[in-house]
Amino acid sequence: MTQPRSGGTGHGKGTGKEAGTGKEGGSGSGPQEPDVLRHLLRSPGYPKLLVFCALIGIPVSLAAFWFLVGLHELERVLWADLPRALGHDGPPWWWPLPLLLLSGILVGLAVTHLPGAGGHVPAAGMQVGGSSPAVLPGVLLAAAASLPLGAVLGPEAPLIALGGGLALLFRDLAQAPATPQNTALLGAAGAAAAISAIFGNPVVAAVLLIEVAGVGGPQLFAVMLPALLSSGVGSLVFTGLGRWTGLGTGELSLKLSAPLPRLDVADVLWALAVAAAVAAAMHPVRAGARLVAAYVRERPLVRTVPFALGAGVCAAVYALATGRSSGEVASSGQAALSALAADPQAWGTGALVAVLAFKGAAYTLCLGSLRGGPVFPALFLGAAAGVLLAPLPGLGVVPAMAAGMAAATAATLRLPVSSVVLVVLVLGSTAMMPVVILATVVAFVVTELLPPGRPVAA
């Protein structure tokens with residue numbers, strides 16, 4: 001199943017059987033969108049659904065917070081505490097090899113023997129739906145076996161499954177009637193509450209879930225209101241937990257090394273070229289990941305292991321070749337992205353070329369074989385490409401990073417609105433908004449014009 005395209009398809013815009021019947025106000029046309037929405041809001045079931053979504057936002061955000069804390073703490077133990085306990089200042093060059101070998105074994109077992117096959121295949125893109133309480137153990141175990149052990153993936157896909165599955169579990173515990181409509185809406189609301197924990201912003205979570213769902217018209221509002229409400233409540237709980245407990249899950253926002261500059265004509269023009277180049281470079285990554293996913297699908301227990309180990313080899317060779325940490329290639333890239341933004345001059349041209357090549361290859365292998373989300377590695381690859389191209393005449397480091405992140409995210413997710421909102425959130429300012437929007441549009445168009453490649457079953 002390929003990833004749903006962004007944008008609505010005009011659902012509910014007067015195209016139903018009432019259209020042209022003259023039954024709505026005698027005008028000979030179907031009900032207008034405001035009338036449909038007003039009727040929906042006045043129906044007795046929808047307000048109750050809104051209240052229920054607000055309530056489930058609390059336990060879902062609690063579960064998402066502790067899930068992220070667990071992943072973050074386990075990663076710290078495996079990549080910092082354990083090497084130090086063995087007498088190393090940091091993870092040695094060979095460190096990713098046993099960890100990702102173990103990851104491949106555990107994920108292969110989860111995919112083969114647990115319901116839900118460990119969750120969506122990351123190469124299929126962001127997915128909403130299909131989550132149920134029955135698949136949650138497999139999804140959580142596959143994520144725990146992938147992300148802390150060095151998979152080049154992020155936590156957003158398991159969070160979506162966690163939120164949606166818990167929302168439906170609470171509905172079943174409350175003995176509420178199960179209908180296709182409330183299944184879809186509760187799943188979206190629970191996913192939004194969970195994913196706002198990692199993005200730190202309920203608006204980003206709601207926009208992302210809406211765009212992934214691909215609905216339009218009144219249905220867009222029907223999904224947006226529960227998702228926005230639930231993610232807003234979840235954000236409040238998540239923020240409070242972080243302050244009360246003193247524990248962290250990792251931050252998405254960057255602390256840039258220089259103040260945001262004013263854009264000039266050169267920045268904007270170069271951003272268009274950077275976006276096209278990054279989108280073209282991400283195409284073989286996505287295509288390769290689809291091929292890996294199709295190959296692994298036939299025998300997941302046997303074939304997951306060599307691809308996971310291959311990602312470990314990429315990280316180990318990078319560490320040997322550059323003398324830098326293998327963690328810059330392994331894992332999601334969230335920490336490496338913060339370090340890159342804080343001091344881009346610390347990365348020479350050779351290191352940037354090497355991290356793009358090796359992390360891109362590891363990303364391809366993990367997208368097709370392990371379990372997680374595609375967002376964070378795409379952000380890092382785009383930022384690294386921007387820093388590499390920043391010396392172009394008239395192009396600044398910050399505009400180049402903004403264009404690179406926007407292009408890589410749009411090319412990977414194929415969700416333009418979500419890509420714009422996400423990159424602006426990461427930058428912490430709207431000063432780069434024109435560059436981000438232009439780069440997103442260019443990258444999205446280039447991606448859509450390139451051959452789609454082999455579809456992937458989710």
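A charge is taken to sit over a ring if NZ of Lys or CZ of Arg is within 6 Å of the ring centre and within 35 degrees of the ring normal. The model is predicted, so that local features need pLDDT of at least 70 and side-chain atom pairs count only at pLDDT 80 or more, while totals for chains, interfaces and linings use all residues. Residues are numbered from 1 along each chain as its sequence is written, and side-chain values use heavy atoms, with hydrogens and water left out.

**Exercise 1.** Find which ring Arg303 lies over, and which ring the charged end of Arg324 sits over.

Solution. Start with Arg303, which lies over the face of Tyr295 at 3.9 Å from the ring centre. Then turn to Arg324, whose charged end is placed over the ring of Trp347, 4.1 Å from its centre.

**Exercise 2.** Determine how many disulfides there are, a disulfide being a pair of cysteine sulfur atoms within 2.5 Å.

Solution. By this rule the count is zero. For Cys314, the closest cysteine sulfur is in Cys366, and because the two sulfurs are 8.5 Å apart, they are too far for a bond. As for burial (under 20% relative accessible area, with exposed over 50% and partly exposed in between, using a 1.4 Å probe and protein chains only), Cys314 is buried at 11%, and Cys366 is buried at 0%.

**Exercise 3.** Decide whether Ala321 is buried or exposed, and state how far Ala321 is from Trp93 in sequence and in space.

Solution. Ala321 has a relative accessible area of 58% and is therefore exposed. Between Ala321 and Trp93 there are 228 residues in sequence and 9.7 Å in space, C-alpha to C-alpha.
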